[in-house]
Amino acid sequence: MPERPHGHADSAQLPVSGWQALRLCPKPVVIFLYGTFASDVGQGFFRLVLPWLVYNLNSTPEALGTLAAIQFLPGLLLPWLGAIVDRSDVRRVIALASLVQIAFVTATLVLFVTGRLSLWLIYVAAMLATGLGMLAYNGQNVLLRRATPERARVSVNALSAIVFTVAWYVSPGLAGPTISRLGIAWALGINAFAYVFVLVPALFLPRTLPDAAATQGVDVLRPAWAALRKAPSVLHITLVFAFWNFTWGGVYALEVFFFRSTLHWNAAEVGLVGMAAGLFPVALGVVGPFLAERLRIDHLLIATLGLSGLGMAILGFVRSPLAAIVAVGLLDGAVAPVSIIMATLSQRQVASAVYGRVSAMQSLVVNLPLPAGGALAGVLAQSFGIPATFSVLGVVTLLSGGAVLRSGLRRLRLDL
């Protein structure tokens, strides 16, 4: 029987669905998720600032590909970080991660202002940003698993996904003009301050003590893999997401290089294209609960891979901002609905005692292909050019939808 927070025994039985189910969640959790929006917008400045700095120091596709690859190396530690989260009050994990992020982004700002920020220090900053972000995100996943009633999880996962998706696109739209008009130092300063919007709400979250079974034993990898093997649909959707991240990561790693080197766009133009491209993924995020509750999972995944592959294939041939907006919008497509389904399936099929480790293992499996895709794309682009590289990755993504029909996800729906 799934656990429910105190005070929700009666309300959890109400016949609610979609966004209405959000009212079953504790208010501090909902407020925290809204706080992550403001924080994610500011944190997202790093996604434009770092490749911009790398391009200024070494304007080659290999340098941008290396940046995309190296920043995900901390993900190798995710299962052990997940074990820490499993055995902790997640409020403390999130608050501590926010404090450390404030400190290192401030240090990056000081190094930049004093002229001591070298290429390898940018790579270190990228690794720290990603590693701490992964820890905080894992803490957020465990928070939603522990603190929300089962009936509300589709809606709360939808809110989490759409908050992230909106911030992902709004952030470069603000970062670009900030870099162009105020400079990189201001962008880094805004980035550092943004973590306050997570730190403060985290202090008011309900206590989320670990399951007693989470403190037993010291093995990390074996319990997580065992839990995933007992939930084959969770494992299959994780692997599909991982493959999508491989091809998507290759294209994403070279987007900024392509816009600057080939199209000669400035920071404001690149940022605004990124923000406008988010309209389609955000719209799908808004209807995410409806899609997750009504569509077959295999149909949603096939459509996601098809649209994304099409966006990849045409991106390398665009020459106008409007065409770039369409291509990037298709490329990112249905990330929010897929995230909602993966999170909800995991929360329902994975025990609380190992959920942090399983969530971390999923993040590792999903994110590990990103550096591989970025590194491969850099090498391919150097040899064959960016349009050909994007096209190959797009065709492979389009064809991969056939594998979904042969997986355990065939004809599967969320059991609502």
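A: The chain carries 27 positive and 15 negative side chains, and the centres of the two sets lie 2 Å apart; here Lys and Arg count as positive and Asp and Glu as negative, while His and the chain ends are not counted, and each charge is placed at NZ of Lys, CZ of Arg, CG of Asp or CD of Glu. This is a predicted model, in which local features need pLDDT of at least 70 and side-chain atom pairs count only at pLDDT 80 or more, whereas totals for chains, interfaces and linings use all residues. Residues are numbered from 1 along each chain as its sequence is written, and side-chain values use heavy atoms, with hydrogens and water left out.

The chain has 21 helices and 0 strands, these being DSSP runs numbered from the N terminus, with helices (H or I) of at least four residues and strands (E) of at least two. Its radius of gyration is 20 Å, close to the 22 Å that the globule rule gives for 416 residues, so the chain is as compact as a globular protein of that length; the radius is taken over C-alpha atoms, and the rule is 2.2 Å times the number of residues to the power 0.38. Buried residues make up 58% of the 416, where buried means under 20% relative accessible area, exposed over 50% and partly exposed in between, with a 1.4 Å probe and protein chains only.

With a relative accessibility of 0%, G139 counts as buried. Setting aside residues up to four places away in sequence, G139 touches V85, V90 and I94, a contact being heavy atoms within 4.5 Å. The C-alpha atoms of G139 and S359 are separated by 9.4 Å, although these residues are 220 apart along the chain. For the chain as a whole, 89% of the contacts between residues at least 6 apart in sequence join residues at least 24 apart.

L111, in helix α5 (residues 90-113), is partly exposed at 24% relative accessible area, and, beyond its neighbours within four places in sequence, L111 is in contact with R116, L117 and L121. H264 lies in the loop between α11 (232-262) and α12 (267-277) and is exposed, with a relative accessible area of 63%; H264 also has a positive phi of about 60 degrees, although it is not a glycine.
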